[in-house]
Amino acid sequence: MSPLILSAAGAALLLDTGGQGLPRVRHFGAGLGPVAGPDLLPALAAPAVPLLPAQGDSWYGRPGLSGSRTGEHWPVRWTLDRLDAEATPGAGGTVTIAASDPRAGLELVSELAMDAGGLVTMRHTVTNTAATPYRLEGLTCALPVPERAAELLDFTGRWALEKVPQRRAFGHGVWSRENRRGRTGHDATGLLVAGTEAFGCRSGEVWAVHAGWSGDHVHYAERVHEGVALLAAGELLEPGEIILAQGESYRTPQVYFTWSGAGLDDASARLHAHLRAGRALPVRPVTLNNWEATYFDHGLDRLLELADKAAAAGIERFVLDDGWFRHRRHDRAGLGDWYVDEQVWPDGLHPLADHVRKLGMQFGLWFEPEMVNPDSDLIREHPDWILGRAERMPPPQRHQQTLDLARPEAYDYLLERLDTLVAEYALDYIKWDHNRDIAEPVHDGVPGVHAQTLATYRLLDELRRRHPGLEIESCSSGGARIDYGILARTDRVWTSDSNDALDRQAIQRWTGLLVPPERMGSHVGAPHDHVTGRSLPLAFRAGTALFGHMGVEWDLTSASESDLEELATWIALHKRLRPVLHAGNVVRADHPDPSALLHGVVLPERGVFGFVQLTSRVGSGAAPLRLPGLDPAALYEVRVAGPVPDGAAMPEWAATPVRLPGSALGELGLPAPALRPTSVLVIEVVKVAGCDMRSHADF
Ligand code: DGJ
């Protein structure tokens with residue numbers, strides 16, 4: 001028996017590689033210290049979860065692999081054929097495991113890695129080695145969580161209200177979040193979290209799993225009566241979707257596992273660090289999107305005026321949304337006809353694009369590549385390109401159907417159209433939308449979401465290969481396609497179609513567990529929100545949008561001069577603070593007052609916090625603002641950044657900036673202002689150079 005340890009950033013994964021079968025995971029959680037594998041042998045009596053849970057390894061819960069063939073195939077009992085590991089203590093590592101069951105006619109390769117931030121990724125590949133077809137029904141990745149993980153947290157939602165938390169006790173049985181919408185879904189959990197009792201953002205021990213996949217998927221938590229529990233995730237396959245002929249393989253999406261000894265924030269920070277270690281993003285330009293300003297009304301003069309106002313307010317990118325292509329005067333026609341509408345735009349988009357560029361802004365364009373309206377030239381010519389059964393139309397949603405992207409002709413058409421338009425207008429940016437759940441997705445006679453998702457990924461990858469500077473936003477009726485599969489090939493997500501800042505506070509807080517602020521689109525909406533009808537002050541709308549990739553989605557041609565000036569002030573503040581907002585550690589205080597939120601973004605030298613009064617306070621005394629995430633030994637100067645909210649009763653420190661160590665700011669906190677509901681106070685902390693409290697005698 002030779003235990004193998006991967007460790008990094010305070011986390012560790014312990015694999016028991018002894019025995020003939022697959023390794024067992026004995027521990028995923030806190031670092032184990034400077035201990036060598038063999039020293040751990042006495043501790044390995046604890047129950048464990050096989051790398052791919054199966055009865056052959058005495059796992060009586062839900063199996064990691066399920067499938068069938070005619071004749072002998074079940075149960076599968078793996079024999080370990082090869083194990084390659086590269087692990088550096090404290091710096092993570094990789095493990096590749098090959099196993100087989102010749103009687104079942106299957107081979108397995110499992111790839112496991114821990115990155116430098118302690119995030120674990122896992123994926124399995126199964127290959128059919130027998131002569132008869134193997135009908136794969138499911139292949140998921142799992143890691144154990146210990147007995148003390150007593151509660152579960154996951155997320156649900158709907159259009160314009162994504163990522164609503166739900167919590168429950170983690171009892172015996174399976175809690176499974178399944179998605180069959182053909183896209184990630186408004187109700188997708190994103191993260192499925194298990195934690196110790198009453199865990200919060202900054203307290204308790206938590207474990208979480210996320211499937212990096214934009215099609216049907218499953219996340220589940222299971223506890224069996226032997227006392228063992230696990231978190232698992234993977235693609236959700238329909239019967240008949242994957243039938244492996246001899247020699248064919250299926251590879252799972254990448255599944256992410258994260259752990260924290262101090263609440264959700266650290267678990268989330270490992271995910272953010274993983275994304276940030278990938279493609280580096282240029283400075284995030286403040287964006288104007290015309291959707292809620294003009295909808296389908298693409299009068300050139302109006303758009304030029306909007307661009308003028310945008311540039312004057314300090315906006316750096318102009319995105320033309322839905323409505324620019326042939327037949328698209330409303331949402332009932334045109335999807336698929338990706339040619340600039342000659343009637344609305346007789347000179348193409350050039351007059352607008354040129355004007356936008358002259359104003360010093362980038363130019364972006366909306367597409368919904370995977371969708372078609374039956375009322376389009378494309379579908380009149382190719383009715384058989386609709387994803388579905390040939391003899392009947394799937395039920396419509398928003399008057400649209402899905403294009404069968406796994407059909408090479410449909411894929412080639414789209415690639416040519418996108419490629420041509422990106423080149424013709426030198427597009428800086430694409431907003432890539434997907435506005436329906438996919439119903440009855442039959443491709444070539446079998447369920448087709450798997451093939452559709454891979455084709456979308458291929459299309460995105462190819463477009464990026466041809467246009468390396470192009471940025472892409474993943475939108476899906478707001479936040480219905482937010483996952484690490486799409487984020488591997490896009491630069492930001494449209495978080496929600498709700499620009500209502502009150503709802504957005506919660507949506508951004510929880511979407512932000514997966515998505516770092518610089519990749520989370522957050523726009524200043526109209527004074528009366530178009531979705532909820534709620535009226536909110538500009539300072540609250542802007543102070544909410546400030547903490548993401550800021551933008552504006554409001555008809556600035558109808559805004560007053562004083563509103564435009566105020567907006568410009570907020571945009572300037574965002575630009576000043578974005579080096580912190582878009583690179584720092586996100587912190588969410590467990591603020592005791594449910595009528596308020598306290599959150600921030602912290603770098604070693606600087607931090608920005610938002611104290612948000614959502615509704616009226618019950619008590620008359622406000623809880624202090626305990627600012628999390630600062631270096632306890634550093635001295636900080638604290639000041640108000642941005643406008644003081646209307647009607648606020650401000651404490652003394654707001655007028656005269658105070659200097660306090662991070663320890664005091666985190667422990668005692670600052671006296672809170674009394675804010676009216678729907679107000680945000682932005683607070684900035686800056687480390688006082690050369691002042692390290694570690695040298696103070698009483699520290
Ligand atoms: C849904 C998106 O989420 C909106 O922002 C907008 O782009 C519309 N689609 C356009 O049809």
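How far does a polar side-chain atom of D321 lie from an oxygen atom of the ligand? In this predicted model, the separation between a polar side-chain atom of D321 and a ligand oxygen atom is 2.7 Å. For D322, a polar side-chain atom is found 2.6 Å from an oxygen atom of the ligand. For D497, a polar side-chain atom is placed 2.4 Å from an oxygen atom of the ligand.

Two helix pairs were then considered. The crossing of α6 past α7 is right-handed. On the α6 side, the contact involves Y411, L414, L415, L418 and D419. These residues meet A455, R458, L459, E462, L463 and R466 of α7. By class, the contact of α6 with α7 comprises seven nonpolar and four charged residues, with no polar residues.

The other pair consists of helix α9, residues 501-511, and helix α10, residues 538-545. Here the helices pack at an angle of about 15°, and their axes lie 9 Å apart. By the criterion of angles under 35 degrees, α9 and α10 are therefore likewise roughly parallel to each other. The crossing in which α9 passes α10 is left-handed. From α9, the residues making the contact are A501, L502, R504, Q505 and Q508. From α10, the contact is made by F540, R541 and T544. The residues of the contact of α9 with α10 divide into three nonpolar, three polar and two charged.

Note on methods
Residues are numbered from 1 along each chain as its sequence is written. This is a predicted model: local features need pLDDT of at least 70, side-chain atom pairs count only at pLDDT 80 or more; totals for chains, interfaces and linings use all residues. Side-chain values use heavy atoms; hydrogens and water are left out. A crossing is left-handed if the near helix is turned anticlockwise from the far one by less than a right angle, and right-handed if clockwise. Helices (H or I, at least four residues) and strands (E, at least two) are DSSP runs, numbered from the N terminus. Contact means heavy atoms within 4.5 Å. Ala, Val, Leu, Ile, Met, Phe, Trp, Tyr, Cys and Pro count as nonpolar, Asp, Glu, Lys and Arg as charged, and the others, Gly among them, as polar. A polar contact is a pair of N or O atoms within 3.5 Å; within protein, one must be able to donate a hydrogen and the other to accept it, and residues adjacent in sequence count only if both atoms are side-chain atoms. Axes are lines fitted to C-alpha atoms, for helices over the stretch in contact, and angles run from 0 to 180 degrees between N-to-C directions. Angles under 35 degrees count as roughly parallel, over 145 as roughly antiparallel, 65 to 115 as roughly perpendicular and the rest as oblique.
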